[in-house]
Amino acid sequence: MMILSRLLGCQEQLGFLHQSKEELTDSHPVVCNRNILVELEEGVGVAVMKMKSPPVNSLSLDFLTEFSISLEKLENDRGCRGVILTSAVPKIFSAGLDIKEMCGKSAEHYAEFWRAVQEMWLKLYKSNMVTIAAINGNCPAGGCLMAVSCDYRIMAENPKYSIGLNETQLGIVAPFWFKDTIANTIGHRATERSLQLGLLYSASDALKIGIVDELVPEEKVLNAAAATMSQWLAIPDYARQISKSMMRKPTLDRLLTHRESDIQNFVSFVTKDSIQKSLQTYMESLKQRKG
Amino acid sequence: MMILSRLLGCQEQLGFLHQSKEELTDSHPVVCNRNILVELEEGVGVAVMKMKSPPVNSLSLDFLTEFSISLEKLENDRGCRGVILTSAVPKIFSAGLDIKEMCGKSAEHYAEFWRAVQEMWLKLYKSNMVTIAAINGNCPAGGCLMAVSCDYRIMAENPKYSIGLNETQLGIVAPFWFKDTIANTIGHRATERSLQLGLLYSASDALKIGIVDELVPEEKVLNAAAATMSQWLAIPDYARQISKSMMRKPTLDRLLTHRESDIQNFVSFVTKDSIQKSLQTYMESLKQRKG
Amino acid sequence: MMILSRLLGCQEQLGFLHQSKEELTDSHPVVCNRNILVELEEGVGVAVMKMKSPPVNSLSLDFLTEFSISLEKLENDRGCRGVILTSAVPKIFSAGLDIKEMCGKSAEHYAEFWRAVQEMWLKLYKSNMVTIAAINGNCPAGGCLMAVSCDYRIMAENPKYSIGLNETQLGIVAPFWFKDTIANTIGHRATERSLQLGLLYSASDALKIGIVDELVPEEKVLNAAAATMSQWLAIPDYARQISKSMMRKPTLDRLLTHRESDIQNFVSFVTKDSIQKSLQTYMESLKQRKG
């Protein structure tokens, strides 16, 4: 557990360092980027990725790019066999896609942004590493997608936190691969109802319906994730990876096959006047809520 | 709830009116056909379709044709966003396909009948409106298909009512799109067992296995449906409709692709001497039960 | 229940008889082969297949061949409508594939062995008969595959018995059709976790997750299977068989389409030096455990 206590300690000191790699000690290399803090404990072979992009870990183009690069580095690191994904921002895991990337920008920008969203998911869903989401805050929309793309989900049993694909509540639509990922987790019927209503589940409802696998008190989320990780790492990597791939490949292939048309769909959707208008309204309401 | 109390009141007075459209008041147009009473409350945008073809709301060719026409009219009515499907006949939602349409008729008739069964399902399963089944009576076979084709199911918690695809108990077989629809609702395993045994579930078992979403006292079924409807209508139509279509299109496409062969299968099955004989025997037993 | 008590009585006397068919009495023909005892009670139309290949009913080439032949004989016997699959060896249903068939043999042998594994599954999963697994002992790996390929599973509620596809724990991988079969039983998510971790479920966990359908005290497993069998046999065969085929054909077709490449995959996997080495080590550990 040393890695966890150290991370909790170092995070404020590190602040928003921009270097791509920094070694605090010989045994605990820490990578601190703008949006995500990555610490790999080499002896154990487990990295913790802490999203730290206040106020709500929005998935901006910048964030997504950094996420994909960080994950790819770990993927190629033979010393890393598992990743715990969590948040360094209190009360929020991730609020999902950054609406600022979808408003008042060019079609080219929207396309680039959407490709980055796809890339994040492709990398996470097909990761050969064991991936565990330590959900220590609210987890709507794209945040929920990240969580259900992991191998296992542990959520803080805080009644204020919820998780779900709530896109329709904002008048937008989760793309087919969000749908596939959640359907692989909770089944067809629960997905149909969940997506149509844009349901956000309380932690206890999320456990009942199977969006998360386990609830623990908030302060124990990281410890529980580490404990679960060691169970998963007890399985020979090769056999586990083939089994995982067998389950996920058809879903991954569906996006790979339709990747360009999916981008086009997004661009033509988001450039609609009506959608721009409602996203603008929504952004204004968010600003006023803060103010 | 005004629409509900008014419907309960007007239904006997209207009787079996044959006109295709009749306005009782400016705000509450009511369509009363032979088999189905349709009332649309325009302010709310919700229609109630009450099946009223005693004794058991059998899905005859006549009934099915009227059902598809009524639903299409509502579909094309911009004032209608949701439909509650229920029964005006006590103790029965619908007994399913009318066996009289499958006995002693010509191959042409069987083909026409089956196409009408398909059409009813295609229209209901792909409806852009919110569809809620208010199951206030027994709901076997084709009645169950109608219910599971809706977006949400509320059933009266009356221990005498049951629901399920019980075809095999009569020696017949639910077609593949019945199977797909129920599997989308309760999953592969429960479907396999359910279809092979022709299981009819009590209301409480139906809730456990997920064939229905909610149980309420019998007198509250319509009120509960109206309450649920308003939750669903709180979601922007466009986003909800795309989400629904994303979930259901593959299942719909499967029948559209195999529609003609499915008709041929039905005709060649039902024209078998052995099947005709057992359907005749079954019809006789039904007559004697009544007498 | 006469068939069951008689079988329990005759099994020791019969021992390892090699004749292909022996009639104990006019009404109870018993087939005693090397590995499997088959008794068909003709009046009822139910056969009991008792695996009796100590110490652990390993699925050797010999065992699998006999299994497929025995099942095919029953399939072609119009007097047999249902099969109860159980074990005559205390404390074990079946330990799964015989590792001896995968060690130190020729590529030709591995191919022949794997084809026999496929054949066993194809015959069992597509059987027109009602198939019920009476799981009266441990049921890992290939034993679990046999069980989940039946129509219904009753397990002894003995806390020492477990069931599951634990292949990854041995560093090997369940092939795609094992995966399909278990996913058809417990759904995508439970399968993903189950396969990656090689989970073995206690009887009570197996019931919760749906790998088995029912738990009964150990001494009542066969009686419960016979009682369930009579419920299933109350359904007309023809309708039940079409319903079963409708559910299982796509899964069966997937292996039939990829049968040769699946064999090649297995052979090239099992002939790897690293795999041979770990299988040898595992075999040694098994021997030492006994000694």
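In this predicted model, chain B places 19 residues in contact with 20 residues of chain C. The size of an interface is often given as the accessible area lost when the parts come together. For chain B and chain C that area is about 1800 Å², and carbon and sulfur atoms account for 65% of it. Three residues stand out on the side of chain B: H188(B), R189(B) and Q196(B) contribute 39% of the area that chain B buries against chain C, more than any other three residues.

The interface of chain B and chain C also contains two salt bridges. One salt bridge pairs the side chains of R189(B) and D213(C), with an N to O distance of 2.9 Å.

Two packed helices are described by the angle between their axes and the distance between the axes. Helix α6 of chain B, residues 188–197, meets helix α9 of chain C, residues 237–257, with axes that come within 8 Å and cross at roughly 165°. Because angles over 145 degrees count as roughly antiparallel, α6(B) is roughly antiparallel to α9(C). The crossing of the two helices, α6(B) and α9(C), is right-handed. On the side of α6(B), the contact involves H188(B), T191(B), E192(B), L195(B) and Q196(B), which face R240(C), S243(C), K244(C), M246(C), M247(C) and R248(C) of α9(C). By class, these residues of the contact of α6(B) with α9(C) comprise three nonpolar, four polar and four charged.

The interface of chain C with chain A may be considered next. Here 19 residues of chain C are in contact with 20 residues of chain A. The two chains, C and A, bury about 1800 Å² between them, 64% of which comes from carbon and sulfur atoms. H188(C), R189(C) and Q196(C) provide 39% of the area that chain C buries against chain A, more than any other three residues. Two salt bridges are counted between chain C and chain A. E192(C) forms a salt bridge with R248(A), in which the closest N and O atoms are 2.7 Å apart.

The discussion now turns to packing within chain A. Helix α3, residues 107–125, and helix α5, residues 176–186, have axes that come within 12 Å and cross at roughly 25°. Angles under 35 degrees count as roughly parallel, and α3(A) and α5(A) are therefore roughly parallel to each other. Their crossing, that of α3(A) and α5(A), is left-handed. The contact draws on W114(A), V117(A), Q118(A), W121(A) and Y125(A) from α3(A), and on W177(A), T181(A) and N184(A) from α5(A). This contact of α3(A) with α5(A) has five nonpolar, three polar and no charged residues.

Helix α5(A) also packs against helix α9 of chain A, residues 237–257, at an angle of about 175° with the axes 10 Å apart. At that angle, α5(A) and α9(A) are therefore roughly antiparallel to each other. In this second contact, F176(A), W177(A), D180(A) and N184(A) of α5(A) meet T251(A), R254(A) and L255(A) of α9(A). The residues of the contact of α5(A) with α9(A) are three nonpolar, two polar and two charged. W177(A) and N184(A) take part in the contact with α3(A) and in the contact with α9(A).

Over all chains, the structure holds 54 salt bridges. Within chain B, R115(B) and E260(B) form a salt bridge whose closest N and O atoms are 3.0 Å apart. R115(B) belongs to helix α3, residues 107–125, and E260(B) to helix α9, residues 237–270, of chain B, so the pair ties together parts that are 145 residues apart in sequence.

In chain A, the peptide bond from P54(A) to P55(A) is cis, with omega near 5°, and P55(A) lies in the loop between β4 (46–51) and β5 (58–59) of chain A. In chain C, a cis peptide bond joins P54(C) to P55(C), with omega about 5°; P55(C) is located in the loop between β4 (46–51) and β5 (58–59) of chain C. In chain B, N57(B) lies in the loop between β4 (46–51) and β5 (58–59) and has a positive phi of about 50°, although N57(B) is not a glycine.

Definitions and conventions. Residues numbered from 1 in each chain as written. Chains lettered and ligands numbered in written order. Predicted model: local features only at pLDDT ≥ 70, side-chain atom pairs only at ≥ 80, totals over all residues. Heavy atoms only, no water. Axes fitted to C-alpha atoms, helices over the stretch in contact; angles between N-to-C directions. Helix = DSSP H or I, 4+ residues; strand = E, 2+ residues; numbered from the N terminus. Parallel < 35°, antiparallel > 145°, perpendicular 65-115°, else oblique. Left-handed = near helix turned anticlockwise from the far one by under 90°. Contact = heavy atoms within 4.5 Å. Nonpolar A, V, L, I, M, F, W, Y, C, P; charged D, E, K, R; others polar. Buried area = accessible area lost by both parts, 1.4 Å probe. Salt bridge = Lys/Arg side-chain N within 4 Å of Asp/Glu carboxyl O.
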